[in-house]
Amino acid sequence: MNQWLNKMEKKYGKYAIPDLTRYVVGMYCIGAVLGMLDDITFLRLNIYYKWLCLDMNAIFHGQIWRLFTYLLEPYGFYRGMGFVISVLFLVIQVNLFFMFGRSLEQAWGTFRFNLYFFSGYILNIVAALILYLGPLHVPVYYAGFQYIYWAMFFAFAMIRPDVQFLVFFLIPVKVKWLAMLDAIYMAYLVVENTVLGIRYMNDGVNALYGLGCLSQAAAIVVAMANFLIFFFMTRDYRKISPQAVRKRQRQMKKKWDFRSNVHQAEVKRKFSVRHQCAVCGRTQEEFPDLEFRYCSKCEGNYEYCSDHLFTHEHVKK
């Protein structure tokens, strides 16, 4: 699959948008402004859900712009001190999205990062179409694009698992552990929204809310599927193929045999040198604390221990 992506990049890489994160975060901020207009003012304009969200019924009646404007999902604001906290979390999220997006673009390249975002964009439209044409006939896809944003977090955790974040601005935690906790939470949200959606639809009174819960569950599944598909597509499976595994095993065996042969040669060289006194016959193997020297006055190669080096009779031929 990597080869296919490389071919696509060579052919269409020139059309990739550099620093796409800047535009994506810009859309997220526009959505935040829409959320502010809806939740802070008393106008209750509800602009996004009336005119911009992914309403498949409206799209089939000519409102094609919704296929693009659904990306502008509003961010929730609340009155009182909740407004200050909302602004604080919005600033934190924007900075995190910049860090995640630009790190992924640097690691993957501009083309693959563009492909990741646009595949998530298309998959959301496909999910909305399936829900609309399915037996439940879900007209409005309420979730928008927010979970695609957060799926970047999992991709970031895969390429930089040891980066530390300060939880509550105090506790340092590696991003890989946070990603595991977030994955568990995402799975919980899918189950919760599915159960609530079925319950409210069977109730009949809150059927519309039930459809919204189902669309939320679908959006989470789409975001995670987009991440998993892209992750497995970009992996180099040649490294884990049987041929590659056998090749690494052969290389490791050769390396181990080489080290073993060097060690054996060293041991053999060490013990092949056998020092023996020409007078008492003691050897270095039997008495490792003895020192052995050759006598320069003896004619021939005669070796003596430290006890007989100066007391022996010199050999003359």
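# Close-up views of a predicted structure

**Figure 1. S306 is partly exposed because its relative accessibility is 39%.** The structure is a predicted model, in which local features need pLDDT of at least 70 and side-chain atom pairs count only at pLDDT 80 or more, whereas totals for chains, interfaces and linings use all residues. Residues are numbered from 1 along each chain as its sequence is written, and side-chain values use heavy atoms, with hydrogens and water left out. S306 belongs to the segment after β6; helices (H or I, at least four residues) and strands (E, at least two) are DSSP runs numbered from the N terminus. Apart from neighbours within four places in sequence, S306 makes contact with L290 and E291, a contact being heavy atoms within 4.5 Å. Between the C-alpha atoms of S306 and C277, which are 29 residues apart along the chain, the separation is 8.9 Å.

**Figure 2. R282 and D307 are joined by a salt bridge, with N and O 2.7 Å apart.** R282 lies in the loop between α11 (242-272) and β5 (292-294), and D307 in the segment after β6 (303-305), so this pair ties together parts that are 25 residues apart in sequence. A salt bridge requires a side-chain nitrogen of Lys or Arg within 4 Å of a carboxyl oxygen of Asp or Glu. R282 is partly exposed, at 22% relative accessible area, and D307 is partly exposed as well, at 44%. Another salt bridge links E291 with R293, whose closest N and O atoms are 3.5 Å apart. Its two partners are partly exposed: E291 has a relative accessible area of 49% and R293 one of 45%.

**Figure 3. A salt bridge connects the side chains of D19 and R102, at 3.0 Å from N to O.** Because D19 lies in the loop between α1 (2-12) and α2 (20-39) and R102 in helix α6 (residues 81-108), the pair ties together parts that are 83 residues apart in sequence. R102 is partly exposed, with 40% relative accessibility. R22 joins D19 and R102 in a network of salt bridges. The count for the structure is 6 salt bridges. Helix α6 also holds S103, a residue that is buried at 12% relative accessible area. With neighbours within four places in sequence set aside, S103 contacts F156, I159 and R160.

**Figure 4. Helix α8 (residues 146-159) is largely enclosed by the rest of the structure, because 10 of its 14 residues are buried.** The buried residues are Y147, I148, Y149, A151, M152, F153, F154, A155, F156 and A157.

**Figure 5. The largest nonpolar core comprises 60 residues.** Helix α8 gives the most to this core, with 10 residues. A second, separate core has 8 residues, among them F292, C298, Y304 and L309. A nonpolar core is a set of buried Ala, Val, Leu, Ile, Met, Phe, Trp, Tyr and Cys residues joined through side-chain atoms within 4.5 Å. Inside the largest core, the residues with the most contacts are L54, Y116, F117, Y141 and M152.

**Figure 6. A nonpolar surface patch is formed by F168, F169, L170 and I171.** Patches are made of residues with over 30% relative accessible area and no salt bridge; like charges are joined within 9 Å, and nonpolar side chains (Val, Leu, Ile, Met, Phe, Trp, Tyr) within 5 Å. L170 lies in the loop between β3 (164-167) and β4 (171-174) and is exposed, at 69% relative accessibility.

**Figure 7. The count of disulfides is 0.** C305 is in no disulfide, and the nearest cysteine sulfur, belonging to C277, is 3.6 Å away. A disulfide is a pair of cysteine sulfur atoms within 2.5 Å. C305 is buried, at 0% relative accessibility, and C213 is buried at 3%.

**Figure 8. The protein as a whole contains 11 helices and 6 strands.** Of its 317 residues, 36% are buried. The protein exposes about 20,200 Å², and carbon and sulfur atoms supply 65% of this area. Among contacts with a separation of 6 or more, 61% are between residues 24 or more positions apart.

Methods:
Buried < 20%, exposed > 50% of the residue type's maximum accessible area, 1.4 Å probe, protein only. Areas by Shrake-Rupley, 256 points an atom, 1.4 Å probe, with all protein chains shown as cover.
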